[in-house]
Amino acid sequence: MRYTINQKIKSGLLLLMIVFFSFCKKNDYSTPAIVPDASYPQVGTPFTGVVNSQDAIIYQVNLRAFSADASFKGVTARLDAIKDLGTTVLYLMPVYPVGVLKSAGGLGSPYSVKDYKGVNTEFGTLADLQALVTGAHERNMTVILDWVANHTSWDNAWIANKSWYKQNAKGEIIEPPGTGWTDVAQLDYGNKDMRAAMIDAMKYWVYTANIDGFRCDAADFVPFDFWKQANDALKTITSHKLLMLAEGTRNDHFKAGFNLVYGMGYYSGLESKVFGTGASATMLQDLNTSEYATSFRGSQVVRYTTNHDVYNSDGSPVNLYGGKSGSLAAFVVTAYMKGVPMIYTGQEVGNTAGMDFFYHTPVNWSQNADITAAYKAILNFRKGSDALKNGDLSVMSSDDVAAFTKFTDKEKVLVIDNLRGTNVTYSLPATLSTTGWKDAFTGASVTLTNKIYLQPYKYMVLTQ
């Protein structure tokens with residue numbers, strides 16, 4: 001729209017601009033404070049093998065469920081098993097002391113952080129955590145910690161700085177609005193001192209535990225300019241290459257400097273629509289397009305069929321996707337279409353037992369060896385396939401079948417994945433060759449036909 005502004009309006013606009021920029025300067029919104037390096041002693045040697053975004057295959061550790069004693073040592077003891085799955089990134093759920101509820105006693109969620117620089121003694125000591133990180137690095141695995149920037153527990157020492165928190169009209173500190181999270185207090189990102197303390201605490205763990213980045217919880221609730229400030233500050237630690245993952249749906253997280261962002265829309269479409277109501281499998285390729293619309297070169301969307309939140313609210317993958325076979329069919333398209341795959345504690349053994357992360361609920365690692373073998377095959381092929389990690393995507397799904405190719409100059413991968421619990425027929429596009437294919441998992445030669453008959457939840461992964 002074009003329009004003319006007279007001199008009086010121009011003068012008014014100039015005055016408004018002066019007032020606005022004066023306000024921004026006063027409140028430190030336009031030029032966030034630079035956070036100095038606190039020069040914490042470096043523990044261990046900075047890990048030089050931190051994965052690039054496209055090479056990430058993430059394993060989420062629920063510490064309270066992973067081992068019988070819910071300890072760091074319990075995770076360390078199974079690092080070989082985690083690596084054997086094909087995973088390259090170890091993501092630890094909150095390791096910090098948990099706060100006491102504001103009223104009625106008892107502990108809050110693991111995301112109710114009492115001390116940003118402390119270790120929850122139920123898991124062990126700082127030395128135990130450091131040993132876990134070292135063990136992961138020795139196996140060429142990247143380690144990221146869960147980071148909770150939106151809120152603290154009510155008994156966090158920060159609560160003494162009342163101006164660091166959001167308050168109601170009565171001047172009382174409030175919980176995050178509209179969430180029902182009564183165990184936590186909402187931080188106020190208009191306060192520059194709180195921002196500086198938050199970034200300082202993040203730097204502390206990079207040096208003190210030698211970790212390689214953060215999975216940032218509830219990232220949508222925290223302002224863009226803080227995430228930009230934090231990511232920029234962490235990049236000044238030139239001795240470390242860091243991997244940053246945002247749990248959120250906002251379209252500005254990549255712009256803020258995150259390497260990875262959750263594919264929440266993809267999960268919802270897969271679970272509640274394609275599997276839940278029988279919606280067309282083509283919606284997955286549409287969701288893929290929309291979730292990558294704001295990405296930058298080298299950034300990736302993280303895809304999953306479960307995590308700690310949805311396992312609690314929706315159930316296990318085996319229950320959600322039509323049994324063992326359905327859970328694997330759902331994971332194949334999730335891991336291969338384009339995004340970075342993430343699996344959750346116990347997923348690789350088809351765990352269906354309750355696993356509330358508020359309590360100790362140890363996984364039975366001896367169950368469903370066949371599912372474990374399938375996950376190993378799926379993830380290790382993805383780990384070694386340049387086409388899956390870096391290739392171009394060409395989609396050709398039908399209503400019932402997720403189908404696509406990923407390809408480079410040297411490799412082509414074809415995925416044909418029946419997402420229904422019934423027999424279906426898939427019509428092979430005329431542009432695809434019927435010969436020259438090999439089974440990605442067995443190496444056996446495969447000749448295709450124009451009509452491919454697929455049993456319930458049958459998937460084919462072929463290479464050429």
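**View 1. Val413 has Thr463 as its bridge partner in E18.** The model is predicted; local features need pLDDT of at least 70 and side-chain atom pairs count only at pLDDT 80 or more, while totals for chains, interfaces and linings use all residues. Residues are numbered from 1 along each chain as its sequence is written, and side-chain values use heavy atoms, with hydrogens and water left out. Strands (E, at least two residues) are DSSP runs, numbered from the N terminus. Strand E18 covers residues 459-463 and pairs with E13 in the antiparallel sense over 5 bridges. Two strands pair if DSSP finds at least two bridges between them.

**View 2. Strands E12 and E13 form an antiparallel pair over 7 bridges.** A hairpin of 4 residues joins E12 to E13. Across this pair, Lys406 stands opposite Val413 in E13. Strand E13 (residues 412-418) is mostly covered, with 6 of its 7 residues buried; buried means under 20% relative accessible area (1.4 Å probe, protein chains only).

**View 3. Val401 lies in strand E12, residues 401-407.** Val401 is buried, and its relative accessible area is 0%. Apart from neighbours within four places in sequence, Val401 is in contact with Ala281, Ile416, Asp417, Asn418, Val424, Tyr426 and Leu454. Contact means heavy atoms within 4.5 Å.

**View 4. Val401 and Ile416 are 6.7 Å apart in space, C-alpha to C-alpha.** In sequence, Val401 and Ile416 are 15 residues apart. Ile416 is one of the residues in contact with Val401.

Conventions. Buried means under 20% relative accessible area, exposed over 50%, partly exposed in between (1.4 Å probe, protein chains only).
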